[in-house]
Amino acid sequence: MNPHPHGEELVVTPAPSPLPTVTVDPDALEKTADSDGTQPKVGARYIWLMVLAQFGVFIAFITPIAISLAIRVQELAPQNQEYLGYITGAGALVVMISGPFLGVASDRTRTRLGRRRPFMIVGTLVGVASLIVMALAPSVLILGLGWILAQLGWGQVLGNLQISTADRLPESQRGKVAGLTGFATQIAPVFGVVIASGLTGNPLLLFIVPGLVGVILVALFVIFVREEDSRGNRFEERITLRSLLGKYLYNPRQYPDFSWNWLGRFFFYFGLTLNTTFTAFFFASRLGIPVAEVAGIIALLGGVGVLATTIGAIGGGFLSDKLRRRRLFLVIAGSLMAIGMLTMAFSADLSVLIAGSLVVSAGIGAFAAVDQALLLDVLPERETDAGRFMGITGFATSIPQATAPLVAPLFLAIGATAGDKNYTALFIVAAVCVFAGGLVVLRIKSVR
């Protein structure tokens, strides 16, 4: 695998050969080209193996967040449940720092298996090892280290699956595939929790069984979706430590459409995080019941919300391909989410709160799917630096998820009396953010 570290530099042998391209397996392709003539359409085999692989990763990777980590924290530190937040926050920080570097490494990897598959293979192995570490961890510290490994391992599998879509998907299929993978990643945690709920008495099986599902489904993709040998790829730019650090930045003026998409995604996830982080406390406050009694309502919302999110993801993804429009659907999705959040903000009736939450869920599905397709439409330097720019895009998700909970108390304190929280103000700010996320993409010029 290349690049290899040598002292302070990552050395890649330069040569005057043309920049590399990735040739897809002809067996996985249709024989017709996309309307722009640049990328042939992928066949059903590629699409469904991609959907299954992402489904598997989410079962292996999200199940710990949903239930397994909480169970282990309760076992290891029953009086310190806040440790769960420290563990998940540390994992997110490591991924944010390492993302662009690993993206560059993927772009420049030269192996017989291609550029992306080696990272999927190694990531799966690291991911399985991380599950064993978490299952057998004797302390919260080791549990946290296991979760960081899981973020690095399974995160690389997911990241390179998504980079593969950037390598291969023509414009006319990006919304469809984003919608289907969005559907798969929404239902995967539900399946993971169902699997884990019957294994809570055995910590090893609690982590390993969902992990095995991920291993099998990722292996199917790696085995049956071939990638061209990349050992012949050559790069004119020499990678040093300084230039590698420079890969974390780019000139927004050089790629304005990518920058507007990044900003829209940032607003979207900032508003979404404000909304979802405090949902349980918000419902308890509005309904006048203890937080512990909200669990049943949240579970109901989760189950029905998956259906609403799925409808939004598949409907938005397929229609955006069919109509060849992305921006319109993102404006509609952002508007739906804002309407749902405002409905919740100004209501104390349970039925209305649930209705508002479902509208938000439908908007989430549509925005996430269509925005992923739009990202692929505007991704810079696709043939040489797709992994790098996908890593930079990850900042638009991770930064809001890390900072929104920290600034939320400022909004909760607006006009609030002692002991009260102004959830109305918080949800209004969240609505403004997601609406802005939809409006910002109207500044994109190269995509309708």
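User: How do you know that the span of helix 3 agrees with its 20 residues?
Analyst: The expected span of a helix is 1.5 Å times one less than its number of residues. For the 20 residues of helix 3 that should be 28 Å, and the end C-alpha atoms lie 29 Å apart, so the span agrees. Helices here are DSSP runs (H or I, at least four residues), numbered from the N terminus.

User: What are the ground rules?
Analyst: This is a predicted model, where local features need pLDDT of at least 70 and side-chain atom pairs count only at pLDDT 80 or more, while totals for chains, interfaces and linings use all residues. Residues are numbered from 1 along each chain as its sequence is written, and side-chain values use heavy atoms, with hydrogens and water left out.

User: Why is the pair Phe-55 and Phe-191 called edge-to-face?
Analyst: Rings of Phe, Tyr and Trp (its six-membered ring) pair if their centres lie within 6.5 Å; planes under 30 degrees apart are stacked, over 60 edge-to-face, the rest tilted. The centres of Phe-55 and Phe-191 are 5.7 Å apart and the planes meet at 75°, so the pair is edge-to-face. Phe-55 sits in helix 1 (residues 44-76) and Phe-191 in helix 5 (residues 171-197), 136 residues apart. The whole structure has 16 aromatic pairs. Ring pairs also join Tyr-250, Tyr-255, Phe-258 and Phe-389 into a cluster.

User: Is Phe-55 buried or exposed? And what is Phe-191 called?
Analyst: Buried means under 20% relative accessible area, exposed over 50%, partly exposed in between (1.4 Å probe, protein chains only). Phe-55 has 16%, so Phe-55 counts as buried. Phe-191 has 45%, so Phe-191 is partly exposed.

User: Which residues of helix 9 are buried?
Analyst: In helix 9 (residues 279-287) they are Thr-279, Phe-282, Phe-283 and Ala-284. Just after helix 9, Gly-288 has a positive phi of about 65°.

User: What makes a space a cavity, and how many are there of 30 Å³ or more?
Analyst: On a 1 Å grid over the protein atoms alone, a cavity is a set of points where a 1.4 Å probe fits but cannot get out; lining residues have an atom within 4 Å of a point. Volume is the space filled by probe spheres set on the points, which are joined across faces, edges and corners. There are two cavities of 30 Å³ or more.

User: Which helix gives the most to the lining of the largest cavity?
Analyst: Helix 4, with three residues. The lining includes Arg-116, Asp-167 and Phe-221.

Methods. Helix = DSSP H or I, 4+ residues; strand = E, 2+ residues; numbered from the N terminus. 1 Å grid on protein atoms, 1.4 Å probe; cavity = no way out; pocket = protein on both sides within 12 Å on 5 of 7 lines; lining within 4 Å.
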